[in-house]
Amino acid sequence: MSKITVKDGTEIYYKDWGTGQPIFFHHGWPLSGDDWDAQMMFFLNLGFRVIAHDRRGHGRSSQTAEGHNMDTYAADVAELTKALDLKNAVHVGHSTGGGEVIRYVAKHGQGRVAKAVLISAVTPLMVQTKNNPDGIPLSIFDEIRTGTATQRPQYFQDFTIPFYGYNREGAKISQGIRDNWWRQGMMGGIKAHYDCIKAFSETDFTEDLKSVQVPVLVMHGEDDQIVPFALTGARAVKLLKNGKLISYPGFPHGMPTTEAAKINADLLAFIKS
């Protein structure tokens with residue numbers, strides 16, 4: 001297995017396939033690099049170099065008790081991109097991974113990043129605060145923490161239903177997709193998953209979004225039940241210097257999996273533009 005050891009001793013697992021322009025994929029909570037299977041295969045077959053890592057505490061990376069915050073996540077990515085000598089890379093992040101992408105690009109990406117993509121991303125800020133009155137109440141994230149800490153196996157099973165919009169009328173439920181989400185989640189460490197809830201809900205990415213110079217594509221499903229479009233994607237694009245928004249009526253939070261053909265086509269068009 002391909003791993004690097006970052007400065008605090010944590011082992012970060014990654015997949016690195018192909019040659020050509022690199023596309024680096026950043027997964028959401030509580031998943032792993034395997035969540036990008038549909039994108040990795042698509043872009044690999046088109047001649048790109050595709051990379052996906054497992055965030056610390058997730059998937060096949062070390063189940064460390066420490067470092068589960070956006071600054072450390074971004075620093076881990078910076079160490080990996082340096083080790084792989086990635087240049088002219090496109091960084092694509094889903095959900096929590098979108099926050100990781102914009103923090104990495106803003107703090108570490110100078111000279112290495114060509115473009116960035118935020119898919120169903122948690123940017124600019126999820127939680128309700130005095131300055132973000134329309135945000136999601138902290139009590140909702142406390143419920144996610146409780147479910148993760150006390151009944152993770154069943155909670156993760158149940159979480160797949162709104163994640164993929166399987167509670168909507170006419171939805172075609174794929175048990176395989178649900179099982180694969182659960183498999184990825186249960187590979188990771190419970191402490192990492194618990195701490196990451198604070199990272200994805202309470203980190204304010206406003207200044208990161210404002211500071212990024214490279215082109216950024218924001219892709220978001222309008223029926224996202226996990227990361228509401230009006231709170232995130234619709235706002236994030238307005239903070240970017242060089243941003244473009246594609247919103248998708250009826251698409252769920254997990255649209256890179258359930259709507260892979262459309263998402264891949266739009267990603268390719270942006271990368272080639």
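What you see is a predicted model, where local features need pLDDT of at least 70, side-chain atom pairs count only at pLDDT 80 or more, and totals for chains, interfaces and linings use all residues. Residues are numbered from 1 along each chain as its sequence is written, and side-chain values use heavy atoms, with hydrogens and water left out.

Now, two helices. Helices (H or I, at least four residues) and strands (E, at least two) are DSSP runs, numbered from the N terminus. The axes of helix H4 (residues 138–163) and helix H5 (residues 175–187) come within 9 Å and cross at roughly 135 degrees; axes are lines fitted to C-alpha atoms, for helices over the stretch in contact, and angles run from 0 to 180 degrees between N-to-C directions. H4 and H5 are therefore oblique to each other. Contact means heavy atoms within 4.5 Å, and among the residues making it are Phe156 and Phe159 of H4, and Trp181 and Trp182 of H5.

On to the sheet. It is open, with 8 strands in the order E1-E2-E4-E3-E5-E6-E7-E8 and mixed pairing; two strands pair if DSSP finds at least two bridges between them. At the edges sit strand E1 (3–5) and strand E8 (243–248), each pairing on one side only. Strands E2 (residues 11–17) and E4 (residues 49–53) run antiparallel, joined by 4 bridges. For Lys15, the bridge partner in E4 is Ala52.

Conventions
Parallel < 35°, antiparallel > 145°, perpendicular 65-115°, else oblique.
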